[in-house]
Amino acid sequence: MIRYRSTRGGEAVSFSEALLRGLAGDGGLYLPTSIPKLPFAALAGASSLAELGERALAPWLGEEFAELGALMREALTFPAPLVELEPGLWVLELFHGPTLSFKDFGARTMARLMQRALEARGERRIILVATSGDTGSAVADGFAGMANIRVVLLYPKGRVSPVQERQLICRRPGVMALAVEGSFDDCQRLVKAALVDAELSQLPLSSANSINIGRLLPQMLYYLWAARQSEQRVHFSVPSGNLGNLTAGVLASLMSLGTPRLIAAHNANRFFPEFLAGKAAPYAFYPTVATLSNAMDVGAPSNFERLYALLGDQLPAQIWGTSVDDATTLARMQAVYERYGYLVCPHTAVGLEGLARYRRDTGDAQPAVALACAHPAKFPETVARALGVTPREPRLEALWQAEVSVREIPPTLAALKAELLAEVV
Ligand SMILES: *Cc1c(COP(=O)(O)O)cnc(C)c1O
């Protein structure tokens, strides 16, 4: 059975331990101590994403998760279509889940894995999430209704887009949304303070950040699914911020796909491309800068530690990186729309630009898949600015009719504690 060890060393633990802990006790990130090998041909017979998920994830999880099929069918209720833009160039649409971004794959699967692990132990968790956008809604939606789990979301009031706010506050069973009168940093500070507060230690508090191995492993599935659908060896272009998606691609390569090229397409937050080019030392991160592809605005990618522990000096041989500015992102959105009549969100445009640069700079024209990370309708202002059209998505429009539930609090620990002690216990 595969075990998991912190990037900083120490004892190896089971998958469910790593899942429930999130971050290792020493502050490191969990990595498998060995990679299960699954020949790609063994996956090719899978007739759905859920079936492929069952076969591909089983060796990573251990006996506790024996009947994985039902869990995967409950988690992955939506398709991941591969759309051909031209021969040898596809986009993999990862935005058909309930909150319209790829984060639904990881959050929905992790929620069900966690529910099982807690049920088996007879434990509960209250998950605190500070969010500025996509992650919060995916976690809220993914974990809603899990019997042993409650979710408390903190977001900065007035500082997320109207669509994002609606996605955060629509009423969900077991989820409490708090609009904090402060910044995203205030929200993060409150979560950290609550997790170590003595009076709150009576509550089974926990956090759900993007570094959890339980969110990462399910993200391998869509790489395998794309390779299965295209029936050939393909390269992947990955719009990247915290590098979780890219790490999942590396794991999928090591397990099944051989060594396709992975293209790390970043916005102006360019630490990782510079590292790959030998222009930045490991961990010499930069401050975050704000861009149009804001889900990738990460100066210090948290999964870098994991990638570096996994591949070390081999990283530049396997991954090709580039940094794309906002003007070029808008131009790429326009070019894609004019050439193919296809609308992309700004993050996806960064990935398509990265792939075009890779092909131009290396002359490697091998077939490739660009990951489409979010639905363009989640970013109506940017799409309208680039293309003069407003993307529509009935599920987002329906949100304005949905019932909402949100409480406003000042940015103080006392206020958060009052909510937690009154509402959640
Ligand atoms: C989270 C997110 C990303 C970045 O993914 P990482 O795993 O953090 O690299 C890119 N695009 C969208 C739309 C996202 O929500």
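## Ground rules

A polar contact here is a pair of N or O atoms within 3.5 Å; within protein, one must be able to donate a hydrogen and the other to accept it, and residues adjacent in sequence count only if both atoms are side-chain atoms. This is a predicted model, where local features need pLDDT of at least 70 and side-chain atom pairs count only at pLDDT 80 or more, while totals for chains, interfaces and linings use all residues. Residues are numbered from 1 along each chain as its sequence is written, and side-chain values use heavy atoms, with hydrogens and water left out.

## His375 in its loop

His375 sits in the loop between β13 (368-372) and α17 (380-387); helices (H or I, at least four residues) and strands (E, at least two) are DSSP runs, numbered from the N terminus. His375 has a relative accessible area of 10%, so it is buried; that label means under 20%, with exposed over 50% and partly exposed in between (1.4 Å probe, protein chains only).

A polar atom of the His375 side chain lies 2.9 Å from the backbone nitrogen of Ala377. The side chains of His375 and Glu393 also make a polar contact, at 3.2 Å. Leaving aside residues up to four places away in sequence, His375 touches Phe95, Leu100, Cys345, Arg392 and Glu393, where contact means heavy atoms within 4.5 Å.

## Around the ligand

There are 15 residues around the ligand, and Lys103, Asp134, Gly241, Asn242 and Leu243 are the closest; to be near, a residue needs a heavy atom within 4 Å. An N or O atom in the Lys103 side chain is 2.6 Å from a ligand oxygen. On the backbone side, an N or O atom of Asn242 comes in at 2.8 Å from an oxygen of the ligand, and a polar atom of Gly244 at 3.2 Å. The ligand taken alone exposes 390 Å², and the protein buries 95% of that (Shrake-Rupley method, 1.4 Å probe).

## Strand β11

All 5 of the 5 residues in β11 (residues 262-266) are buried. Leu262, Ala264 and His266 point one way, while Ile263 and Ala265 point the other. In a regular strand, side chains alternate between the two faces of the sheet.

β11 pairs in the parallel sense with β10 (residues 235-239) over 4 bridges; pairing takes at least two DSSP bridges.

## Ala194 in α8

Ala194 belongs to helix α8 (residues 184-195). Its relative accessible area is 1%, so Ala194 counts as buried. Beyond residues up to four places away in sequence, Ala194 touches Leu128, Leu200, Leu205, Leu413 and Leu416.
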